[in-house]
Structure formats: structure tokens, C-alpha cells
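Me: Hey, I'm new to this one. Could you walk me through it?

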Amino acid sequence: MSTSKVMSTELLEIQPQELKFTFEVKKQSSCSVQLGNNSDQYVAFKVKTTSPKKYCVRPNTGIIKPKMTCDFTVTMQAQRAAPPDMQCKDKFLIQSTVIPFGSTEEDITSDMFAKDSGKYIVEKKLRVILTAPPPSPILLPINGVLKQDPSCEASMQKDIVRSGVENIPPPQRVNEDVKGIETAEEMDELRAVDFVDSRPADNVEELKVVKKDVELNLAKEFEDLKLKLNVTDSTLREAEFTIMKLTEERRMTNLEKDRLKHELASMQEMLRKNSVKRAQVGFPLLYVCMVALVSVALGYLMHL
């Protein structure tokens, strides 16, 4: 099939055209979507959503061989409260593109679905519809045994088929142009939505275990961080005390230094005064010797 022929038709037939979930508070809900490859080429698909934390998709990527189909399941996680008027603004985006013959799922990359890659990318947006759960069955006494009211059972079956709880794709192909009619306002709203890669669904128990492990790791990291903060605070307090102690020691040292300088200056002044006083009161030794020598000479002369 030529590229122009592929581009003129939809690569995938998507059934149903809307994702319908039976909404119950604090309960999970799932629905299935079937993708049919209308072309004679290998087609890769990728599922994105505006709320990746709210939904799990399995598988969220894959390859569909020519004229074959592939189903993926979307699981809405348990919600604590119902949205106003049961109106959900979440959207899903299914991207598809032609890939080389014989490609495997390991060959699928995010760049494959980039609009600037130059490849022809077909995109289909799906809305999310929330439906209320079916009413509880009415039990009537029949022949002494409580049995479900046949009229209620028939009504429930009709509601199930009408609401699409089982998500069984209709056997006939609905004209996509008629099925996907949207107003200009709705199309603008869809174009403004940022789609994020959906995440594959895991076992619920595994998710719970992972969540518990993450919470334990976060608690451990918080305690470690708290301990480190306490140690840092203690170190800062010790450093502050040491600085205060050194400052006080330096102040005392300066005071002692000033005191010693003052005492030294006082001692120097006292020595200077004592030296001057001795110089004024006493006689030089040479002067005493001369006087003694002259006295001896005079005495000797007088005795002659």
C-alpha cells in the first residue's frame, strides 16, 4: 500500500469511541479498548492521558500486524470522592504510525511519535465517561424463596448494555465521522490539553507493596535528615561556645597585657627616681680618694 493511500485512511479502528467507567467511591474500575489495524502495514501505537497518576494502561504501547487487532485495558484507580455531576474532564490520546515490516516492541521509542520526526502520526482523542453503578437487585418472595425480580433483572441487563460496563466492542463498524462528531468548542478544549505518557498497569498488591516501600524509604530519609540537622545544630552550638570562650580569653589576655605594661612603666619610673636621688646625695669615689691623699700628704709635711 502506498504512503498516500495510508495517509488518506485511518490506520486504526478504535472501539469503543469513549472510555466508560462504572464509578464507585474507593473502588477501581476498568474498561477495554480494541484497536484494529486497517492497513497492510505494521502499525505502532502509544496511549497517553492527561492524568497519568489516575489511570493505569496495559499495554500502553504495542505493534499491530496488518488486519489484526489488539486490546488494551485502562484501569482507573480508586478515588476518594466523585467529581461534580459525575463529569470527568480527563482525556486519552491514541497515537499510531506506520513502522517497518517485521519490527518488534523493543524497536518502539518515544521519538517514533514525535511530531517533528517527519513521520505521519495519526492521533485520536477519547473522552472519559463516568456512569453510576447499577441499582441493587430487588428480591421478591416466590414460592417461599427470595428471588430477584425478573423485571429488575431485565432492566439491569439493558442498563449494562446501554452503559457499556462490559466494554464489548459492537460487531458492526460505526462511521467514525458520525461517531466522533464534536463541537468547535470541544475540539478547542481537546487541542489545549497536554497529554502525558500513560503508565502500564501493575498488580494491585504490587502497587501497594511499592507504595509501602516508598513511604518507608521516605520516613527513613526524613529521620536521617532530621538526625543530620540535629547533629549540625549541635556542632554549630559547640562552635558558637568555642568562639565565645576564645573571645573571652583574648579579652582577659589583653587586660593582663595592659596591666603588665602599666606595672613595668611604674617600675621604670621608680628606678629612674632612685638613681637621681643617689646621684644627688653621695660623693664620687675619685673625689674621696683625692681628699684622702691630700690629707695624708699634709699630715706628713706637718710632722716634719
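Predicted model: local features only at pLDDT ≥ 70, side-chain atom pairs only at ≥ 80, totals over all residues.

Me: Okay, how many aromatic pairs does the structure hold?

Reply: There are four of them. One is F21 with Y55, a tilted pair with 5.8 Å centre to centre and 40 degrees between the planes.

Me: Where do F21 and Y55 sit in the chain?

Reply: F21 is in strand β2 (residues 18-22) and Y55 is in strand β5 (residues 55-58). They're 34 residues apart, so the pair links distant parts of the chain.

Me: Are those two buried or exposed?

Reply: Both F21 and Y55 are buried.

Me: What about Y42 and F101, what kind of pair do they form?

Reply: That one is edge-to-face, at 4.7 Å centre to centre with 65 degrees between the planes. Y42 lies in strand β4 (residues 42-49) and F101 in the loop between β8 (91-99) and β9 (122-131), so the pair ties together parts 59 residues apart in sequence.

Me: And why does F101 count as exposed?

Reply: Because its relative accessibility is 70%, and the cut-off for exposed is over 50%. Y42, on the other hand, is buried, with a relative accessible area of 9%.

Me: New topic: which residues make the nonpolar surface patch?

Reply: V294, L298, Y300 and L301 make it, and the patch is about 440 Å².

Me: Where is Y300 found?

Reply: In helix α6, residues 285-303. Y300 counts as exposed because its relative accessibility is 56%.

Note on methods: Residues numbered from 1 in each chain as written. Heavy atoms only, no water. Patch = residues over 30% accessible without salt bridge, like charges linked within 9 Å, V, L, I, M, F, W, Y side chains within 5 Å. Areas by Shrake-Rupley, 256 points an atom, 1.4 Å probe, with all protein chains shown as cover. Salt bridge = Lys/Arg side-chain N within 4 Å of Asp/Glu carboxyl O. Helix = DSSP H or I, 4+ residues; strand = E, 2+ residues; numbered from the N terminus. Buried < 20%, exposed > 50% of the residue type's maximum accessible area, 1.4 Å probe, protein only. Phe/Tyr/Trp six-rings, centres within 6.5 Å; stacked < 30°, edge-to-face > 60°.
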